[in-house]
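This report concerns helix packing, aromatic pairs and nonpolar cores. Please examine the sequence and the structure shown here before reading on.

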Amino acid sequence: MLSPESRPEKVSGDSVSRRGAVSEPIMHRAARIEDAFHEFRARRARKRGFLATVVPYTGYGAPTWVRILGRVVLAKDPRPGSRAERLHRRREESVRGWRSFVSVPLAGTTVTVEIEGERHTVTTDRGGVIDTVIPARLTPGRHTVRLTTADSTRVFEAPVFIIDPAATFGVISDVDDTVMVTALPRPLLAAWNTFVLDEHARVPTPGMSVLLERLASAHPGTPVVYLSTGAWNVAPTLTRFLSRNLFPAGPLLLTDWGPTHDRLFRSGREHKRTSLERLSEEFPGVKWLLIGDDGQHDEDLYGEFTVAHPEKVSAVAIRQLSSGEAVLAGGRSKAEKHSELSGTPWVYAPDGAGLSEQLTELGLL
């Protein structure tokens with residue numbers, strides 16, 4: 001007789017017999033519908049002559065590895081330098097925000113990444129996003145990696161920032177209502193600002209670009225990371241906004257607003273929480289200045305992080321919304337309460353100038 005340990009497992013008729021396949025997560029119905037819709041749109045776009053196009057994002061890394069970020073969508077492929085390309089770029093930069101969400105992502109597409117002559121092959125996820133870590137040998141500073149697809153002869157260049165292992169200070173900043181006025185506590189106004197306004201009409205938060213630039217100048221080699229619950233679709237728009245308003249360059253860590261394998265809508269809070277943990281693990285010698293606002297969840301998330309990792313945070317700077325916005329957002333928290341819980345300094349002010357004064361008092365500027 002077989003012992004209990006050696007008996008074969010019984011598998012029900014609607015299950016697969018291979019052990020590896022049994023553990024695969026069941027895809028949420030909304031995710032299956034979304035995938036089918038994207039496949040339908042991709043077939044139509046292919047028939048119209050659209051090709052796989054890489055939208056490169058700014059990556060980051062250390063001397064021995066680099067995190068490559070980007071997205072592959074189906075788009076027209078005008079010849080580089082041609083009049084058609086210039087017209088396409090001008091049109092892209094002047095469209096309403098909602099157009100950023102109608103691009104056709106390409107899942108499961110192979111992309112070749114070239115770093116200092118070495119080539120690596122990566123594959124996009126369900127949303128067409130490239131987010132992968134590749135081994136490399138790079139000196140600290142700014143570099144450029146090359147990305148190509150089999151569809152197109154074009155070479156797409158993505159900037160990457162390699163953080164010096166000796167760096168001890170870094171900045172993680174929220175985007176909406178921190179560096180850019182979005183009015184997220186007021187949903188209708190936020191929707192108007194996000195989906196209807198021309199990107200050139202977006203307004204920077206007063207004094208924040210000066211604050212971040214001063215921080216970057218005071219600490220040479222400082223990594224500046226923009227962490228947001230925004231969708232990857234708007235990364236090109238945000239990158240142009242930051243550049244146009246003289247914010248220091250840095251990687252954007254965004255998310256996919258679509259359904260996941262187990263839930264209808266991706267959690268923005270969880271995206272920020274896991275990103276903070278990841279950055280703290282990737283750069284254990286860096287103490288981060290966390291910048292956000294009191295309109296959404298920044299205070300709670302930063303508070304959790306500072307309590308769990310007080311040695312990883314130099315200070316927390318919170319931009320206060322106007323009185324009316326603050327009421328809609330659920331009120332204000334006090335710096336003293338947070339500072340007592342973690343021992344980490346917290347500062348509050350309605351703009352970059354006020355935060356700058358307090359950070360100067362703390363010796364960070």
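The model is predicted: local features need pLDDT of at least 70, side-chain atom pairs count only at pLDDT 80 or more, and totals for chains, interfaces and linings use all residues. Residues are numbered from 1 along each chain as its sequence is written, and side-chain values use heavy atoms, with hydrogens and water left out.

**Aromatic pairs**

The structure holds five aromatic pairs. Rings of Phe, Tyr and Trp (its six-membered ring) pair if their centres lie within 6.5 Å; planes under 30 degrees apart count as stacked, over 60 as edge-to-face and the rest as tilted. Two of the pairs are set out in the table.

| Pair | Centre to centre | Angle between planes | Class |
|---|---|---|---|
| Y57 and W232 | 5.0 Å | 5 degrees | stacked |
| Y60 and F283 | 5.9 Å | 50 degrees | tilted |

Y57 lies in the loop between strand 1 (51–56) and strand 2 (59–62), while W232 lies 175 residues away in the loop between strand 11 (224–231) and helix 6 (235–244). Helices (H or I, at least four residues) and strands (E, at least two) are DSSP runs, numbered from the N terminus. Y57 is buried, with a relative accessible area of 7%, and W232 is buried at 7% as well. Buried means under 20% relative accessible area, exposed over 50%, and partly exposed in between (1.4 Å probe, protein chains only).

Y60 belongs to strand 2 and F283 to the loop between helix 7 and strand 13 (287–293), so their pair ties together parts 223 residues apart in sequence. Both Y60 and F283 are buried, and together with W65 they form one aromatic cluster.

**Nonpolar cores**

A nonpolar core is a set of buried Ala, Val, Leu, Ile, Met, Phe, Trp, Tyr and Cys residues joined through side-chain atoms within 4.5 Å. The largest has 56 residues, of which F283, L289 and L290 touch the most other members. Strand 14 (residues 313–319) supplies the largest share of this core, five residues. A second, separate core of 23 residues includes L74, V104, V145 and L147.

Beyond its neighbours within four places in sequence, L290 is in contact (heavy atoms within 4.5 Å) with residues including L276, Y302 and F305.

**Helix 7 and helix 8**

The crossing of helix 7 and helix 8 is made by residues including L276 of helix 7 and Y302 and F305 of helix 8. The residues of this contact divide into four nonpolar, one polar and seven charged.

Methods:
Nonpolar A, V, L, I, M, F, W, Y, C, P; charged D, E, K, R; others polar.
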